[in-house]
Amino acid sequence: MMPPTLTALTQELWDRRSQGRTGPKLTELDPGLTLDQAYAIQDQLLAQTLAEGEQLGGRKAGLTSAVKMRQAGVDQPIFGFLAVGWALENGGTLPPGQLIQPRVEGEICFITGAPLAAPDCTPATALNAVAQVALGIEIVDSRYPGYRFDLPSVVADNCSSGAYVLGQGVPLGDLGHPDRLEAEALSLGRNGQPLASGVGADVLGHPAAALATLVRHLAGRGQSLPPASLVFAGAVTPAFDVQAGDTITLSSPRLGQVRCTFGATS
Ligand code: 0L1
Ligand code: MG
């Protein structure tokens, strides 16, 4: 039997997200699905998201730390997109039932001030284009039961993107030279209790390396990162399940605090 077309697989993932349900890995529907085809599905999901009136809110690098690679069982960074409408304001509440199986993770984020397009982009080049740095809580979600996937399946599923909360941006220049982001210690907490911690160096040695990797990935696909782009560099903590009513905080000495609550049905 012929495998489903990429358009049919895109529609399947689109329907799962909008109907709030999970289903088989895409590689169970098409065992020959390649990584390139998975990114093509992700592109189609982005095009459909924009066609529905959404705006591109940012990009994300995922699995840029050993702790996340181990948790996901995938051993290379992956890249996805974020829509403006998926953002939650700092301190906001995610309505109950909006996501299927939300998990939270703590990240360092960049807001760029200059275009980034070089296919050989280095961490130093990437950092030169950064205007602001912020903390971000990524709220991942998976359209596969229990987050059980493989590399093409998770890439096609837009790298488990769900929602996100961005903290207050700090101008890169205010962090000094060198910025010492590799030493920035992030603490993730739930309901006032510590959950996990990590440092910037957990992300490929320095989070700017994740930004550079994203730029090289985009350049390899004929795309670039325009100025004023938001980029989530990848988690320094594992991802944690959340329950209705939980309040999650992420804080670090120089980047402040970001917070969100998971709404409970009344
Ligand atoms: O942002 C991420 O690191 C997500 C990558 C996909 C793996 C997962 O669902 O945790
Ligand atoms: Mg993430």
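The following exercises, with worked solutions, concern the predicted model shown above.

Residues are numbered from 1 along each chain as its sequence is written, while chains are lettered from A and ligands numbered from 1 in the order in which they are written. Because the model is predicted, local features need pLDDT of at least 70 and side-chain atom pairs count only at pLDDT 80 or more, whereas totals for chains, interfaces and linings use all residues; side-chain values use heavy atoms, with hydrogens and water left out.

**Exercise 1. Overall dimensions**

Compare the radius of gyration of the protein with the value for a compact globule of 266 residues.

Solution. The radius of gyration is taken over C-alpha atoms, and the globule rule is 2.2 Å times the number of residues to the power 0.38. For 266 residues, a compact globule would have a radius near 18 Å; the protein has 18 Å, so the two agree. The C-alpha trace spans about 60 × 50 × 35 Å along its principal axes. As to secondary structure, the protein has 7 helices and 14 strands, where helices (H or I, at least four residues) and strands (E, at least two) are DSSP runs numbered from the N terminus.

**Exercise 2. Contacts and burial**

Determine what share of the residues is buried and what share of the contacts between residues at least 6 apart in sequence joins residues at least 24 apart.

Solution. Buried means under 20% relative accessible area, exposed over 50%, and partly exposed in between (1.4 Å probe, protein chains only). By this criterion, 52% of the 266 residues count as buried. A contact means heavy atoms within 4.5 Å. Among contacts between residues at least 6 apart in sequence, 76% join residues at least 24 apart.

**Exercise 3. The largest nonpolar core**

Identify the residues that touch the most other members of the largest nonpolar core.

Solution. A nonpolar core is a set of buried Ala, Val, Leu, Ile, Met, Phe, Trp, Tyr and Cys residues joined through side-chain atoms within 4.5 Å. The largest one holds 81 residues, and Val-104, Phe-110, Val-133, Ile-137 and Ile-139 touch the most other members. Helix 7 (residues 207-220) gives the most to this core, with 7 residues. Leaving aside residues up to four places away in sequence, Ile-139 touches residues including Leu-88, Leu-99, Val-104, Val-165 and Phe-262. In soluble globular proteins, nonpolar side chains tend to be buried together.

**Exercise 4. Backbone geometry**

Describe the backbone at Asn-158, Ala-228 and Pro-178.

Solution. Asn-158 has a positive phi of about 50° although it is not a glycine. This residue sits in the loop between helix 6 (151-156) and strand 7 (163-166), and its relative accessibility of 3% means that Asn-158 counts as buried. Ala-228, likewise not a glycine, has a positive phi of about 70°. Ala-228 is in the loop between helix 7 and strand 11 (230-235) and, at 64% relative accessibility, counts as exposed. A cis peptide bond, with omega of about -5°, joins His-177 and Pro-178. Pro-178 is found in the loop between strand 8 (170-171) and strand 9 (185-190).
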